[in-house]
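Hi there,

Here is the structure I promised to pass along. Have a look at it first, and then read my notes below.

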Amino acid sequence: EKWDFILVSDIHEAGSEKEIKRKKFLDELSKKGFTIKKIEDKKLFYGVRAPKQIFQKYQGLLRKPDNRLQNPNVHQDIPVTTSFSLLRIRIVNFILQNTTTPDREKLHDLMKKKVFEATFPLHEKEEVREFLKEKWARWRGIFCQQPIEKIRCYFGEKVALYFAWLGWYTYLLGIAAVVGTVVFVAGITVFSSSQVSKEICEASNTIMCPLCDQNCSFWLLSDTCTYAKVVTHMIDNEGTVLFAMFMAIWATVFLELWKRQRATVVTNWDLYRWDEEEEELAMELINNLQHEPQQYQHSYFRSTIILLLVLLMIAVLIGIAHALVIYRVIAMALFTQSNFAFLREQANTIAVMTGAVLHYITIVIMTKVNRRVALYLCDLEKPRTFSQRENNFTVKIFTFQFFTNFSSLIYIAFFLGRINGHPGNYVRIAGKWRLEECHPSGCITDLFIQMAIIMLLKQTISNVMEYLVPWIAHKLRKKQQRPKKRRMILGEEEEAEDPCKRQWLSNYQLNEVNIFSLFDEFLEMVIQYSFTTIFVAAFPLAPLLAFCNNLFEIRLDAIKMMRLCRRMVPRKANDIGIWLHVLEAIGILAVIGNGLVIAITSDFIPMQVYKYMYSPCMTENNTGVDCSTGYINHSLSIFRIQDFEPYTNVPKMQPDFVRDEIKECRFWHIFAARLAFLILFEHVALCVKLIAAWYVPDVPQLVKNQLLDRKHSNL
């Protein structure tokens with residue numbers, strides 16, 4: 001027997017409110033010609049099958065008039081093919097979600113009230129499914145091409161387009177990973193020959209100002225020799241600059257090539273000019289012939305309220321980033337006062353690393369909070385259709401996730417070490433704790449550490465949990481829902497088991513999926529795409545980590561969908577929707593972000609200015625020396641010890657120093673005020689432009705409603 005959908009309910013007492021509501025809903029389905037079958041185990045299972053007339057109406061409505069005349073057999077029995085099976089599930093799901101009881105309650109209202117516990121289509125024992133389980137949802141196929149056409153035949157176009165996009169993204173990411181690895185390895189092989197590294201390692205007489213007020217002592221610039229070689233100049237070199245430019249171009253080329261790939265795929269599926277709005281209208285008419293289309297509406301008052309709430313949420317997320325800054329400042333002060341020599345000596349590095357771990361924890365927590373807030377705001381907007389609701393939700397959740405993931409990175413990249421003042425006039429929190437400075441080897445080291453830790457944690461812990469949680473939940477549910485043992489009488493079974501029971505129960509034991517299950521996968525990949533492109537100048541290995549992660553991600557998602565989760569409701573689509581606009585926005589941010597990292601965080605620009613303005617090559621016409629000779633001394637400013645703040649204790653001296661000889665120390669001096677103003681102005685202007693574009697609709701509501709009425713009249 002073929003059943004389109006299964007409804008699951010707890011066994012309620014006869015005459016209870018829940019039992020009455022359930023009966024009213026099932027009666028409404030019966031009035032529409034649905035066949036309903038009931039099976040009782042530890043739960044009540046209701047199999048639902050729609051009448052043939054519903055699908056005949058669908059095909060009749062969405063055929064062109066000339067096609068309808070040329071195909072007089074449109075009302076004959078329709079063969080049950082794989083594509084028709086998807087159509088049945090999609091239409092039945094729409095009718096179930098939009099069937100209203102006499103009490104004006106829909107299915108989602110009944111599920112909130114626990115009248116029904118679950119609703120899902122069945123995994124069928126089809127040839128396509130068996131092929132996907134054996135060839136696609138296996139770890140051994142990690143390097144094999146995906147069977148996109150088979151995925152489409154079983155899960156529908158929307159899921160197939162996700163995997164087509166993910167496969168294309170991973171394929172092109174392999175090129176970026178190779179280039180990034182080459183740049184990184186090249187940095188390793190040539191760092192010893194860097195003139196700047198040599199000067200730092202040989203600066204045994206350059207005394208640097210203390211990094212904190214308490215137990216921090218004066219230190220020698222040569223103490224950072226290892227960091228200067230291994231970290232800073234391994235990533236902060238000319239090759240990294242070229243790689244950042246390459247990634248900016250790669251992001252644009254990737255999207256353009258995906259558009260071409262997508263056009264080819266959807267044309268083969270005959271969906272290039274598919275109209276989602278027209279299909280939704282057709283389903284509404286199938287469900288209720290008296291249906292009137294919901295008109296487009298736009299409320300400036302509601303938009304203003306939502307805008308203010310979004311800005312408030314963004315302010316909260318930025319506040320969390322400020323809290324992470326305060327943590328690092330206080331942690332640095334506490335580590336420098338530790339009794340352990342290692343903690344005192346590596347206080348800055350440990351504070352940055354623990355701050356990065358704490359940042360990852362806030363990402364995990366705020367992801368759940370952001371989802372609830374975004375859903376609440378979508379409910380306030382009252383979107384007209386499911387697609388509009390999905391688009392609105394996507395924009396909001398991505399905005400919140402972007403600030404959650406990148407606020408701290410933006411601070412480290414563009415503000416750390418630039419707003420903390422200077423010796424004698426430090427900026428302090430609560431008048432006590434000095435704002436943190438960059439790592440002694442340079443600001444780009446802090447960004448490198450932060451990026452490396454977050455990407456590694458996100459792509460290891462998150463993926464392990466993404467697989468283990470559904471696997472454990474499936475095993476526990478399977479154990480709890482074991483079928484009752486059949487009693488034997490005189491060697492014969494008391495009653496034969498219904499052949500549908502085993503299939504329905506095994507599907508119920510799988511993990512639940514919802515309308516945002518695929519959305520979660522998209523969001524995860526888009527955030528990864530942001531990490532891979534926006535700050536790649538500070539972490540050239542990001543594409544390599546993303547590439548390796550995606551090879552596993554594709555198979556992990558396949559295994560979850562085929563083996564651990566219930567079947568998704570197939571949905572039609574001819575593109576990846578609003579995610580394409582999000583990716584284009586990220587591409588723009590990648591150009592801006594990498595440009596700013598090179599201009600502000602990196603030493604590349606100051607070094608070039610020195611080479612062509614102040615170096616021996618220019619002032620002495622000396623071509624026999626490296627043009628970066630003397631750059632370190634040029635970039636350091638001098639501070640007299642006597643000018644420390646009156647309430648600051650002069651730090652303890654290093655054992656090898658003679659106190660009377662130290663009358664001045666050096667500190668990194670960065671001229672960034674003009675550039676900071678430019679950045680602030682540029683980003684504020686960009687935000688105002690985007691808000692204005694969202695606030696005022698591009699197309700008047702009257703025009704949209706006229707087009708809507710024409711489509712409705714034609715149908």
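What follows is a short tour of the sheet, the helix across it, and one asparagine. Please keep in mind that this is a predicted model.

Let's start with the sheet. It is an open one, built from 4 strands in the order S2-S3-S1-S4, with antiparallel pairing. Strand S2 (35–40) and strand S4 (118–120) are the edge strands; each has a single partner strand, so one side of each has no neighbour in the sheet. From one strand to the next, the twist averages 20 degrees.

Now for the pairings. S2 and S3 make a hairpin, with 3 residues between them. These strands are joined in the antiparallel sense over 6 bridges, and Ile36 has Val48 in S3 as its bridge partner.

A helix comes next: H18 (residues 499–508) lies across S1, S2, strand S3 (44–49) and S4. Relative to S2, H18 runs at about 80 degrees.

Finally, a residue to look at in helix H20 (residues 542–564): Asn549. Is Asn549 buried or exposed? Its relative accessibility is 6%, and buried means under 20%, so Asn549 counts as buried. Setting aside neighbours within four places in sequence, Asn549 is in contact with Gln459, Asn463, Met525 and Gln528.

Happy browsing, and do write back with any questions!

Best wishes

Technical notes: Residues are numbered from 1 along each chain as its sequence is written. This is a predicted model: local features need pLDDT of at least 70, side-chain atom pairs count only at pLDDT 80 or more; totals for chains, interfaces and linings use all residues. Side-chain values use heavy atoms; hydrogens and water are left out. Two strands pair if DSSP finds at least two bridges between them. Helices (H or I, at least four residues) and strands (E, at least two) are DSSP runs, numbered from the N terminus. Axes are lines fitted to C-alpha atoms, for helices over the stretch in contact, and angles run from 0 to 180 degrees between N-to-C directions. Contact means heavy atoms within 4.5 Å. Buried means under 20% relative accessible area, exposed over 50%, partly exposed in between (1.4 Å probe, protein chains only).
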